[in-house]
Amino acid sequence: MIIYYYLCIHILSFRTAEQKMKIAKLFAFSYICTILTACNLNNSHKTLMGGIAADATNSNIESYNTANDVSSLQSPTHEKTAGTNSTELELPAPLKNTHEQILKRTGYTVSYNSNTLLPNWVAWHLTANHTKGNVKRPQRAFHEDEDVKQPRATDNDYYNSGYDRGHMCPAADNKWSEKAMIESFLFTNMCPQNHNLNVGDWNELENACRKWAQRYGDIYIVSGPVIYKKTRHKTIGKNKVVVPDAFFKVILCMKGSPKAIAFIYKNEAGNKPKSDYVNTVDEVERITGIDFFPALPDHIERKVEAKYSLSDWGL
């Protein structure tokens, strides 16, 4: 700045206007160059196209896990969750050697399989408050899930198929939110289900889950189809939606002493007490290949998954 002071004094010593103008332009150019140099020295970030500073600590970069041949690309409006957050105890571990697209909904999370056009599993945290609500079933409720690629299940696939559009996460668990209710009728939450089972024993288990949520305050549920390994499976509709051989439901309660119970229902008519369908979570893991409740501490997970007590659940 001392240099610029002497330049100013020097400019004033000139007598002609032309001489003063030349020195003034030289002064202005030198000053601008000095300012630009100082700014460049203080800038420690390189810039990307558009002038956004590249910051290694930026956490707003999306990443997709494609390990184990898992299809994990999804709509930007949905989150990819891995079942490791302690506040999301219901989420199973990522599947191995199975097509999987994770879809985060208002009332539940889906692992969708583009080969079977069915969910691998549907998981949700059912609280006592979520068992209440005044939201009614919408008209023309069932609809395609446009967040998954075609071919995908449609209403026409179920029409005259002989199977119900069976909810995995029940509509009655979503009466607390209009958006949750609407999303519960997406076909990614449905499986072809025997009518008698849907309105009978399966419905009774859904009602029991709501009573357990009210009794304990909350429970964690995972439900889905069981498809036995064989060369060919029955399908319905033009899009060939696979018909499950059975259905599972596993339930975890953390109130008091942690406990869990599991059920397997064949996809056929039946009229049996719930206790006839009971299994350990370990047994359902063996049958389905799904690792349930991985966010639990190992010693708790091993304990609750290895056994069940009918009396804990009033069965």
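Reader: Which residue in E9 does Tyr-220 stand opposite?

Author: Tyr-220 stands opposite Leu-252 in E9. This is a predicted model, where local features need pLDDT of at least 70 and side-chain atom pairs count only at pLDDT 80 or more, while totals for chains, interfaces and linings use all residues. Residues are numbered from 1 along each chain as its sequence is written, and side-chain values use heavy atoms, with hydrogens and water left out.

Reader: How many bridges join E6 to E9?

Author: Seven bridges join strand E6 (residues 218–226) to E9, and the two run antiparallel. Strands (E, at least two residues) and helices (H or I, at least four) are DSSP runs, numbered from the N terminus. Two strands pair if DSSP finds at least two bridges between them.

Reader: And E10, how does that pair with E9?

Author: In the antiparallel sense, over eight bridges; E10 covers residues 259–266. Phe-247 stands opposite Tyr-265 in E10. Five residues lie between the strands in this hairpin, where Gly-256 has a positive phi near 70 degrees.

Reader: Is E9 buried or exposed?

Author: Buried: that goes for eight of the eight residues in 246–253, so E9 is largely enclosed by the rest of the structure. Buried means under 20% relative accessible area, exposed over 50%, and partly exposed in between (1.4 Å probe, protein chains only).

Reader: Which residues are on each side of E9?

Author: Ala-246, Phe-248, Val-250 and Leu-252 are on one side, with Phe-247, Lys-249, Ile-251 and Cys-253 on the other, and both faces are covered. In a regular strand the side chains alternate between the two faces of the sheet.

Reader: Moving to E3. How many of its residues are buried?

Author: Nine of the 10 in residues 118–127, so E3 is largely enclosed by the rest of the structure. E3 pairs with E6 in the antiparallel sense over six bridges, and the bridge partner of Val-122 in E6 is Ser-223.

Reader: What about E2 and E3, how many bridges?

Author: Five, with E2 (residues 109–113) running antiparallel to E3. Asn-113 stands opposite Leu-118. Their hairpin has four residues between the strands, and Leu-117 takes a positive phi near 60 degrees there.

Reader: New topic. Where is Thr-280?

Author: In the loop between strand E11 (278–279) and helix H7 (281–288). Thr-280 is buried, at 18% relative accessible area.

Reader: What does Thr-280 touch?

Author: Ala-262, Glu-305, Ala-306, Lys-307 and Tyr-308, not counting residues up to four places away in sequence. Contact here means heavy atoms within 4.5 Å. A polar atom of the Thr-280 side chain also lies 3.1 Å from the backbone nitrogen of Glu-283.

Methods
Polar contact = N/O pair within 3.5 Å; in protein donor to acceptor, adjacent residues only side chain to side chain.
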